[in-house]
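Let's walk through this model together, one pair of side chains at a time, and then step back to look at the whole fold. Please keep the viewer open as you read.

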Amino acid sequence: MGQKFRRRQKLFPGVYLNFSLKGVSTTIGVKGFNVNLGSKGAYLNTGIPGTGLYDRKKVSGVRNNPPSSTEKYTTSDTPTLPPDPYYFLPKRLEGEIKSSDANSVTSRGLAEMKETLLAAYQEKLEIQQELPRVVKEVKNAATTKLLSQMFIVGLFTKKFKVRLSEKKRYLDDLKQQLSECKVTIEIDIDDNIKSKYENLKTSFTNLATCSKIWDKTCSVINNDNRSAANNSVTRSQTFLAIQTIDFIDASFDALHFKNQNGSDIYIYPAFAVVFDDKNSFGLVDLSDLKPSFKRTSLLEEEQIPPDTKVIGETWAKVNKNGTPDKRFKDNYKIPIVDYGEIEFKSNTGINEVFMFSNPTKANNFVVS
């Protein structure tokens, strides 16, 4: 019996983004038949290329997405960073700093683009799950063919050769389909905005060289009235990187903020991709994603990063006047250091904070 080939997924339509100071408009489809989505609604564009015949008709409105001091820290065990960039920890804690479900944070005008990307990603996952089985089948067919050549002659040998050939063709077909599981995104931006993005990319590359980068995962009021800290913070070491998303084919790479307890953020010139996990992500217009910077003074009980300034010191247990509380015989001094924080927020529910050992580099990124 011949190999039954997997149904081929049709090619995913291209996406065209026009980025301006007013936001992003999205066009999905091909010349002569496409849909444009922006802040004023959805428009169907039809025409015959080369003839001048053209029609533009409004088909719907845009769907609304539901909106959904000195510190002391505790450090969570730094997890081994997995190769899968979409890993996350779903556990929620009191005071946890974490975005809403990524499915609910998509900006106006980007919902259809998200569905196109999701279809490409889900197709990619299905093929990736099927590939190991097919590779194993090819190896088994090759072994069977070899044994047949050693012990069997005639019709049976030919049958095993045909079977191996079909398995190999099926594997090649899967690999070809896997390479096609991506959406081509063309981003149309003027030279001024492009220059600003290049400056942002330079600042990001510099920001990634901070000696220490943390995902600030939790912040609660400190109930220890003998501590000089107003808040207790939980943080987990993380990283930044310029990366690509494997199901997006774009002329720009993304600025990736790796999150340890919630949504990873990938920043492109016109939009950001916000990931919770493998099946949950949102697309956010950069005009909706509002980063902010602040300096924070932290009682550092670990090794002080070399690019951090010590701005003071205190005691682990202090009196109200700042003197050490002598009732604690093992009392010790703690340096106060100057860190920088970048907070990402949006009206749709994004809430992520990253902490950097060099506050100047963090501020430079936000003002770029």
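Arginine 327 and aspartate 325 join their side chains in a salt bridge, 2.9 Å from N to O; the term stands for a side-chain nitrogen of Lys or Arg within 4 Å of a carboxyl oxygen of Asp or Glu. Arginine 327 is exposed, at 60% relative accessible area, whereas aspartate 325 is buried at 3%. Here buried means under 20% relative accessible area, exposed over 50%, and partly exposed in between, with a 1.4 Å probe and protein chains only. The model is a predicted one: local features need pLDDT of at least 70, side-chain atom pairs count only at pLDDT 80 or more, and totals for chains, interfaces and linings use all residues. Residues are numbered from 1 along each chain as its sequence is written, and side-chain values use heavy atoms, with hydrogens and water left out.

How many salt bridges does a search of the whole structure find? There are 10. Another of them pairs arginine 295 with aspartate 338, at 2.7 Å from N to O. Because arginine 295 sits in strand β16 (residues 290-299) and aspartate 338 in strand β18 (residues 333-345), this pair ties together parts that are 43 residues apart in sequence. Strands (E, at least two residues) and helices (H or I, at least four) are DSSP runs, numbered from the N terminus. Arginine 295 is partly exposed at 48% relative accessible area, while aspartate 338 is buried at 9%.

A helix can hold such a pair as well. Glutamate 137 and arginine 133 meet in a salt bridge of 2.7 Å, N to O, and both belong to helix α1, where they are four residues apart, about one turn of the helix. Arginine 133 has 41% relative accessibility and counts as partly exposed.

Staying with helix α1, which spans residues 111-151, we come to methionine 150. Its relative accessibility is 54%, so methionine 150 counts as exposed. Together with Leu146 and Leu147, Met150 forms a nonpolar patch on the surface, and the three have about 300 Å² of accessible area together. Such patches are made of residues with over 30% relative accessible area and no salt bridge, where nonpolar side chains (Val, Leu, Ile, Met, Phe, Trp, Tyr) are joined within 5 Å and like charges within 9 Å. The areas come from the Shrake-Rupley method with a 1.4 Å probe, and for residues only the protein chains shown count as cover.

What about the inside? In soluble globular proteins, nonpolar side chains tend to be buried together. The largest nonpolar core in this model has 49 residues, and Phe257, Phe271, Val273, Phe344, Phe356 and Phe365 have the most contacts inside it. The largest share of this core, six residues, comes from α1. A second, separate core has 11 residues, including Ile127, Leu131, Leu171 and Leu174. A core here is a set of buried Ala, Val, Leu, Ile, Met, Phe, Trp, Tyr and Cys residues joined through side-chain atoms within 4.5 Å.

Which side chain of opposite charge is nearest to lysine 361? It is aspartate 307, 5.0 Å away, and lysine 361 is buried yet has no salt bridge; for charge, Lys and Arg count as positive and Asp and Glu as negative, with His and the chain ends not counted. Lysine 361 is part of helix α4 (residues 359-367). Beyond its neighbours within four places in sequence, lysine 361 is in contact (heavy atoms within 4.5 Å) with Asn206, Leu207, Thr209 and Cys210.

Alanine 208 belongs to the loop between α3 (191-207) and β8, and at 30% relative accessibility it counts as partly exposed. With its neighbours within four places in sequence set aside, alanine 208 touches Ile213 and Leu240. In strand β8 itself (residues 213-221) lies threonine 217, which is buried at 8% relative accessibility.

Now zoom out. The protein chain has four helices and 19 strands, and buried residues make up 44% of its 368 residues. The chain exposes about 19800 Å², of which carbon and sulfur atoms supply 53%.
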